[in-house]
Amino acid sequence: MDSVNVNVIAAPAVAGALVLSGRFRRPLSFDLDQLRRYESVVATPFDLRCYTTNRFIRSVEPYRGVRLTTLITEAGLPDSVPGEFKRTVFVAVGHDGYVVTFSWHELFNTPVGENVMVAYECGGRALDAEEGAPILFSGSDILPAPRHVKRLARIEAHVLASLA
Ligand SMILES: Nc1nc2c(c(=O)[nH]1)N[C@H]1C(S)=C(S)[C@@H](COP(=O)(O)O)O[C@H]1N2
Ligand SMILES: [Mo]
């Protein structure tokens, strides 16, 4: 795809924007308009249901958004340490501090990753921050609510090491 103008940022706090920080080649921040400039994918409609309680929350029309892998690839992962990507995890943080995780393998080496998106549109209508935009959504999850993060603020790349 064509390269897209994004902000290369130094600090992890940018009001109203999604920030990719941590072990990336270049930390980036994206506002909703910048997210719209990337190749988009459309999700299948689904029922939002809580993992903890199995509570039905609501039916959700198809989301449109950019794949999380597209944004991670744009920020780039370092290659100075051989194989480091295989123990990298991505921590997604909502504006309220709500946190969920993804592994590199899950995103880049399983079908799950093809359906993980940062959504900015639902049922053909643009979402604003009051409606939760940008929303992180993992479309292959059995119960979608936990990894349906409203007002996604940050994606952090962390490299894990064995505790031994
Ligand atoms: N930012 C943010 N997103 C979140 C959560 C949260 O606490 N913060 N909770 C998740 C969980 S566990 C559930 S069940 C649903 C609740 O969705 P609702 O607030 O629309 O009922 O939001 C999901 N997304
Ligand atoms: Mo939940």
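This is a predicted model: local features need pLDDT of at least 70, side-chain atom pairs count only at pLDDT 80 or more; totals for chains, interfaces and linings use all residues.
Colleague: Which residues of helix H2 are buried?

Modeller: To call a residue buried, one counts the other C-beta atoms within 10 Å of its own and asks for 20 or more. In H2, which spans residues 68-75, Leu68, Leu71, Ile72 and Ala75 are buried. These four lie on the same side of H2, because the arc they cover around the axis is only 100°.

Colleague: What covers the buried residues of H2?

Modeller: The cover includes both strands and a helix. Among the strands are S2 (18-22), S3 (28-30), S7 (63-67), S8 (88-94) and S10 (116-122). The helix is H3 (104-109).

Colleague: Which residues have a positive phi although they are not glycine?

Modeller: Asparagine 54 is one of them, with a phi of about 65°. Arginine 151 is another, with a positive phi of about 50°.

Colleague: Where is asparagine 54 found, and is the residue buried or exposed?

Modeller: Asparagine 54 sits in the loop between strand S5 (46-49) and strand S6 (56-60). Its C-beta count within 10 Å is 9, so asparagine 54 is exposed.

Colleague: Where is the place of arginine 151, and how many C-beta neighbours does arginine 151 have inside 10 Å?

Modeller: Arginine 151 belongs to the loop between strand S13 (148-149) and strand S14 (152-159). The count is 19 C-beta neighbours inside 10 Å, so arginine 151 is classed as partly exposed. Arginine 151 is also one of the residues that surround ligand 1.

Colleague: Which other residues surround ligand 1, and how does the shell divide by class?

Modeller: Besides Arg151, the surrounding residues are Cys50, Ile57, Gly94, Asp96, Tyr98, Ala145, Pro146, His148, Val149 and Lys150. By class, the shell has 6 nonpolar, 2 polar and 3 charged residues.

Colleague: Which peptide bond is cis?

Modeller: The angle to read is omega. For the bond from alanine 133 to proline 134, omega is near -5°, and the bond is cis. Proline 134 is in the loop between strand S11 (125-126) and strand S12 (135-138).

Colleague: What does UniProt list for residues 18-156?

Modeller: An unreviewed UniProt entry lists this span as "domain: Oxidoreductase molybdopterin-binding". In the model, the span is 14% helix and 40% strand. Its end C-alpha atoms lie 11 Å apart.

Key:
Residues are numbered from 1 along each chain as its sequence is written. Chains are lettered from A and ligands numbered from 1 in the order in which they are written. A residue is near a molecule or strand if its C-beta atom, placed from the backbone, lies within 6 Å of it. Ala, Val, Leu, Ile, Met, Phe, Trp, Tyr, Cys and Pro count as nonpolar, Asp, Glu, Lys and Arg as charged, and the others, Gly among them, as polar. UniProt positions are given in the numbering used here, feature names are shortened, and annotations may be inferred rather than shown by experiment. Helices (H or I, at least four residues) and strands (E, at least two) are DSSP runs, numbered from the N terminus. A residue is buried if 20 or more other C-beta atoms lie within 10 Å of its own, exposed if 12 or fewer, and partly exposed in between; C-beta atoms are placed from the backbone. The arc is that of the directions from the helix axis to the C-beta atoms. Two residues are in contact if their C-beta atoms, placed from the backbone, lie within 7 Å.
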